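Visitor: Hi, I've got a structure up on my screen and I'd like to walk through it with you. Can I show you?

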Amino acid sequence: MDINGLKLFRILVAKSIIEVFFVGALAVGFVLSTFPPYFHGWGEATPQGIEGWVVNYWAPWDRVEVQLFIDGHFTATGMANLSRPDVVAAGWAKDQWHGYAFVLPKLPPGNHEARVYAIHESANGNRQSLQLVGNPIRFAVDQNGKLTIWTIHLLVRTN
Amino acid sequence: MEPKLENDNAVALIDRSLAFWEIVSVMTSCLIAEWVVFSIGRANPWALAVPVGLAFGFMFMSHRLRAESAREIGLRFDNFIAAARLLILPMCAAAVVLVIIGYATGSLSFRRWTGSQSILGLPALGVLWALMQQYALQAFINRRAQVVWGPGLRSVLFVASMFAVLHLPNPLLTGVTFAGGLLWAAVYQRAPNILALALSHSLMTWVLISTVPEASLNNLRVGFKYFG
């Protein structure tokens, strides 16, 4: 390989490395902007429906829009702006207005699973992503259409 | 003599390998721009400049290191008529076929380009855009393909295939760019003139968007943009 061939080889290697870093940076930027790691919250089944709270740590004074999915199907959308003084007392939020509550639609008897997602917009509103808030909530509905099992969440900070 | 022959063969093999890698490198930049930037990087308007800048910067450096002059790569006027002569007949034949298709489908409209539905809505930018494409395709990829396989059918087929790949997943554009790529690559190997090819490219693009049903062109979108 002559001197120019060697130069060409080095330029090709450098260009490849730059492109790998460029694509990697784009990928990391995409994940961080689309699925930012700063949503935190919790949900539970109560006799009234699905209730919980969610906080955006990047903007702790903002209210987060949430969507409820039951058994994998979209059920309702709402804003987490209800009073939850217990969340502030436990140190999870800076103000109390981060609660949400969904009244359940009529569901067939049996076991069900609810998932609450925080909605996040990115790319100047062109992209929306859903991030699961807390864990999936399992509950059962009896023959009369009432929730028969629900869990009580203890607000104990673990981290 | 034998050791020198072996040495010559090794040099030729290294040169061919490097040329092939050069093609892969430029294709990679184009595909990053089409598929990665438009899918996950479009929030940053400067993101497109990185792969485009790298590709063109690399091509210019490669020309310099291989001591290729502007005249050699086809940026010249002396063979413009020769290239145009080779192009005119196939272009007329393709245009007639496209006009018949447009007439049959009721989508014939030679003023559709004024609708500014894309960059090709402006003829000057259309020629400039075609010049950029033909420069990369012929002055670089075609020349390097000739280093790998020599002039002829194999390198012409390869260039046309690369041009078609860059227009995926738009099925109509992939097909017509393969056909156009065959013509332009073959003409470049006989009369290397980028300006004639760019004029042919922009003219045929105008005929294509004036004749083929708009829905089948999907606004000439390629790469990730094709989907939305």
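Predicted model: local features only at pLDDT ≥ 70, side-chain atom pairs only at ≥ 80, totals over all residues.

Visitor: Okay. In what sense do β7(A) and β9(A) pair, and over how many bridges?

Guide: They run antiparallel, with five bridges between them. For your viewer, β7 covers residues 110-122 of chain A and β9 covers residues 137-141.

Visitor: Which other strand does β7(A) pair with over five bridges in the antiparallel sense?

Guide: β3, residues 64-70 of chain A. There, F69(A) sits across from R115(A) of β7(A).

Visitor: And how many bridges join β7(A) to β8(A)?

Guide: Six, again antiparallel, with β8 spanning residues 127-132 of chain A. If you want a pair to click on, H120(A) is opposite S129(A).

Visitor: What do β7(A) and β8(A) form, then?

Guide: A hairpin, with four residues between the two strands. One of the turn residues, A123(A), has a positive phi of about 50 degrees.

Visitor: Switching to chain B. What's the span of α2(B)?

Guide: From first C-alpha to last, its 17 residues reach 23 Å, close to the 24 Å expected at 1.5 Å a residue.

Visitor: Which residues of α2(B) are buried?

Guide: V50(B), P51(B), L54(B), A55(B), F58(B), M59(B) and S62(B).

Visitor: Why do the buried residues of α2(B) line one face of the helix?

Guide: Looking down the axis of α2(B), they fall within an arc of 155 degrees, so they end up lining one face. The face turned away from that buried side has the exposed residues A49(B), G53(B), F60(B) and R64(B).

Visitor: Now the largest nonpolar core. Which of its residues touch the most other members?

Guide: The core has 47 residues, and the ones touching the most other members are V26(B), I141(B), V159(B), A185(B), V187(B) and L197(B). Among the elements giving two or more residues to this core are α1 of chain A and α2, α5 and α7 of chain B.

Visitor: Which element gives the largest share of this core?

Guide: α1(B), with 10 residues.

Visitor: What does L197(B) contact, beyond its neighbours within four places in sequence?

Guide: A83(B), Q134(B), Q138(B), W184(B), V187(B) and Y188(B).

Visitor: Last one: how many residues are in the second, separate core?

Guide: It has 22, including F39(A), A45(A), F102(A) and L104(A).

Technical notes: Residues numbered from 1 in each chain as written. Chains lettered and ligands numbered in written order. Core = buried A, V, L, I, M, F, W, Y, C linked by C-beta atoms within 7 Å. Buried ≥ 20, exposed ≤ 12 C-beta atoms within 10 Å, placed from the backbone. Contact = placed C-beta atoms within 7 Å. Expected span 1.5 Å × (residues − 1). Arc of directions from axis to C-beta. Pairing = 2+ DSSP bridges.
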